[in-house]
Amino acid sequence: MVKQWVKRDEKAKRFLLSDKIFKFAAAAAGAYVLAVILVIVLQLGIESMPIFEEEGLGFITGTDWNPVPGRESFGAFPYILGTLITSAIALSIGFPLSIGIAMLVMIIPKKIGQPLGYLVELIEAVPSVVFGLWGLFVFRIYFRDLIEKPLHDMFGDSIFLFGGTPFGLDILTASIILAIMIIPTISSISREVMMAVPQQQKEAAYMLGSTTFEMFRMAIFPYSKTGLLGASMLGLGRAVGETMAVTMLIGNATGLRAIPQSLFDSSQSMPSIIANEFIEASPVSLHPAALIGIGLILLAVGLGINIAAHFLVARMVKVNEGPIH
């Protein structure tokens, strides 16, 4: 009997030790990630300090972009605006499609729904440069001829959004490709959030005579709205940080010309201006500091969106344990 108690005591001590090791390792991993982020922010802040000393807050609100030595002038506002516009359009297109896909996967038979969900999630594994090449050489041609030109011919004279010259390398084309790229992120999270709704709520809606759509509207959407909002913000964070596909399709205008007057105008985003000009930036000028300053703004926007999204999703997604039989 004494030996059994001794063995149990030793086993409990081993479990306690392993638990302490796991907690320490998890805390160390979290601290490491936080330290990396802080180092990145610190480095970007130091490297971009010359442009903020030279331009002040005018760097964020300015519209000039002239990297020629002796006539240097830098303003990030057109690229901030281009990033926000393309991301907003992509989200307005991708979010409803993602919710529809998540609903479809939930209501169709599992043998079809699960493979369909996996196929949608596989889109996220496609590199952005592949999306960019496909959009540049295939999608934009058909989209320009079948969508942009008819819209311009019908509404170009009356609605300013369609007043530009359709060329295929513009805000709208880049936004459509971005919408396709963020669908897997939003749809997968939305599906998990909606599946977390207690089964009793769904059954209660059906018992009241609701159709499938009414069940979603009355039982699922009100319960999961916070999580769905978080999913949309995660998709927005992905769109804000996208580089290669946008660089290939947005037209890469600079300065005032990067502020779009219509959906068919060329523009540029924060990631694309960095990708286009950083290699050619002269190290003895303010050009590298200006590009790093844009990177600092991009990091702040991306971190803010993702932190807000994770808090919203964490409030919603909970493990709903069934009764113990």
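Reader: Why is Pro-69 called exposed?
Author: Its relative accessibility is 64%. Exposed means over 50% relative accessible area, buried means under 20%, and partly exposed is in between, with a 1.4 Å probe and protein chains only. So Pro-69 counts as exposed.

Reader: What kind of model is this, and how are residues numbered?
Author: The model is predicted, so local features need pLDDT of at least 70 and side-chain atom pairs count only at pLDDT 80 or more, while totals for chains, interfaces and linings use all residues. Residues are numbered from 1 along each chain as its sequence is written, and side-chain values use heavy atoms, with hydrogens and water left out.

Reader: Where is Pro-69 found?
Author: Pro-69 is in the loop between strand E1 (65-66) and strand E2 (73-74). Strands (E, at least two residues) and helices (H or I, at least four) are DSSP runs, numbered from the N terminus. Pro-69 and His-287 are 218 residues apart in sequence, yet 9.1 Å apart in space, C-alpha to C-alpha.

Reader: What makes Met-244 partly exposed?
Author: Met-244 has 34% relative accessibility, so it counts as partly exposed. Met-244 sits in helix H9. Leaving aside residues up to four places away in sequence, Met-244 touches Ser-128 and Val-129. Contact means heavy atoms within 4.5 Å.

Reader: What makes a group of residues a nonpolar core?
Author: The members are buried Ala, Val, Leu, Ile, Met, Phe, Trp, Tyr and Cys residues, joined through side-chain atoms within 4.5 Å. The largest nonpolar core has 53 residues, and Phe-59, Trp-65 and Ile-294 have the most contacts inside it. H6 gives the most to this core, with 12 residues. A second, separate core of 11 residues includes Ile-99, Ala-102, Met-194 and Ile-220.

Reader: What makes a space a pocket?
Author: On a 1 Å grid over the protein atoms alone, a pocket is an open set of points where a 1.4 Å probe fits, with protein on both sides within 12 Å along at least five of seven lines. Lining residues have an atom within 4 Å of a point. The largest pocket has a volume of about 380 Å³. Of its 20 lining residues, Val-105, Met-106, Lys-110, Arg-191 and Met-195 are the closest to the centre.

Reader: Which helix gives the most to the lining of the largest pocket?
Author: H4 does, with 6 residues. By class, the lining has 10 nonpolar, 4 polar and 6 charged residues. Charged means Asp, Glu, Lys and Arg; nonpolar means Ala, Val, Leu, Ile, Met, Phe, Trp, Tyr, Cys and Pro; the others, Gly among them, count as polar.

Key. Points joined across faces, edges and corners; volume = space filled by probe spheres on them.
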